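Me: I'd like to learn how to read salt bridges in a model. Could you walk me through them?

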Amino acid sequence: MTPQSSHTLTEKYRREHSPSFDDIIFTRRDFLQRTGMGFGALSLASLFGINPGAAIGASTSPTDPVPNGPLAPKKPHFPAKAKAVIHLFASGGPSQVDTWDPKPELTKYNDKTIPGHDGLAFGSPFEFTKSGKSGVEVSSAFPMLGTVIDEIAVVRSLWTDIPAHEVAQRFMHTGALQLPKPSMGSWTVYGLGTENQNMPGFITLGGAPEWRQASFLPGVYQGCNVNYNTKMDLDDVIMNIKNQFTPMDRQRRELNLVKQLNEEYTRTLQKDAQFEARIESFEMAFKMQTEATDAFDISKESAATRELYGNTDTGSKLLIARRLVERGVRFVQVDVGSWDHHGDLARALKAKAGEIDGPAAALIKDLKQKGLLDSTLIIWGGEFGRTVTRDRNGSAVPGRDHNGRAMVAWMAGGGVKGGTTYGSTDEFGARAVENKVHIHDLHATILALLGFDHTKLTYRYNGRDFRFTDNFGNVVKDLIA
């Protein structure tokens, strides 16, 4: 076949794309065939309350709430103890016997073999003292948290399935070992919505993307990550939120037009979850201009409050967590990690505990003083525990290896029975033995504090109903006040 010359192709293009009488003169049948689908669209518009003749970008307040939107506040299954959550995730796996599970028997066996264990026993280098009116024993690594122990419930019998960092972290956040599933914060906002329509319902301060994923839930429930540190300029905390070139009213009109075009695409072509999530992200970014920067401006707090939390990145993040909850954000997660102490544990754990001890105690005191502690659930813990035998890992000073059979967590506020401990490990702290609490049990208890029957908070995806606790889990009622 002989190729056509460029001149011939140009003439062909002009002929096919030039106006002709056939384009403007047609029969009544041709007219109906070409425009008939539009009548159905007009009827559909009226069903949804849309006025096709209304001006594009009609007047809308920049911060108008969306009472029926996906983030609108929702009622739980039953009256909730907690209305918001602050999750302090100690990634790396804190040692239970050095933090919240004292084992004097382990100390007696220090540097000796333990029946049923390989290696030499490693007694804790930290002392435990009974604190508060409740007399709960607190490690010397946490002197400030000892002053608020009567607000804290310690779970000493927690356990997980696989003591590998990535898998165990996924399990703690999503209730799944392998499949990508929604995170705890996403489930919370999906179930309860959020009180502030101008801020994301789920905000994370650091941490891995998997910890804040919405997975198959609509993208609006995805966690919004903010890489905050005290040295950052406020305008750099959340990049590209403020538009320096276009006034708010014009931005609103532009977004209204984009939203209208996007909705038309959805109606006429297909419904796309990622596309809808993008629309919601445009709206949220616009609304955040009015409140996001203010929420991260801790200079508006008194000098006494800032001093209470401490002038550190961790202290500032926990103060911001309080400011976010105060503004109606439903779920805030703060990464307070680096607890993977295979070597030099005595020094490294003391330093890490010192970073969180004062700020966490300040958070509890501050929320209580503001009348927010009863409605705010604070959770601290990692993805697994540690062994009770020595692990030098190439270091001359010992640490501890991974252990999924015994781990510890604590909760405060939000309907938790403070000044209590629940469950126990064996005499050395190596394995949960009494009132064992699986990760699914912990998740079920958290949802119960938020007002949910964990078996009924579900989302249908791919032909089946999914839930946060997978297919089992029991509420630990003794932890609830």
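Me: How many salt bridges does the structure hold?

Reply: Side chains of opposite charge can pair when their charged atoms come close. A salt bridge here is a side-chain nitrogen of Lys or Arg within 4 Å of a carboxyl oxygen of Asp or Glu, and the structure holds 21 of them. This is a predicted model, where local features need pLDDT of at least 70, side-chain atom pairs count only at pLDDT 80 or more, and totals for chains, interfaces and linings use all residues. Residues are numbered from 1 along each chain as its sequence is written, and side-chain values use heavy atoms, leaving out hydrogens and water.

Me: Which side chain does aspartate 98 meet in a salt bridge?

Reply: That of arginine 400, at 2.8 Å from N to O. Aspartate 98 sits in helix H4 and arginine 400 in the loop between strands S9 and S10, so the pair ties together parts 302 residues apart in sequence. (Helices, H or I of at least four residues, and strands, E of at least two, are DSSP runs numbered from the N terminus.)

Me: Is aspartate 98 buried or exposed?

Reply: Buried means under 20% relative accessible area, exposed over 50%, and partly exposed in between, with a 1.4 Å probe and protein chains only. Aspartate 98 is buried at 0%, and arginine 400 is buried at 0% too.

Me: What about glutamate 326 and arginine 327?

Reply: Their side chains meet in a salt bridge at 3.9 Å, N to O. Salt bridges that share partners join both into one network, whose members include Asp294, Lys300 and Asp366. Glutamate 326 is partly exposed at 37%, and arginine 327 is partly exposed at 22%.
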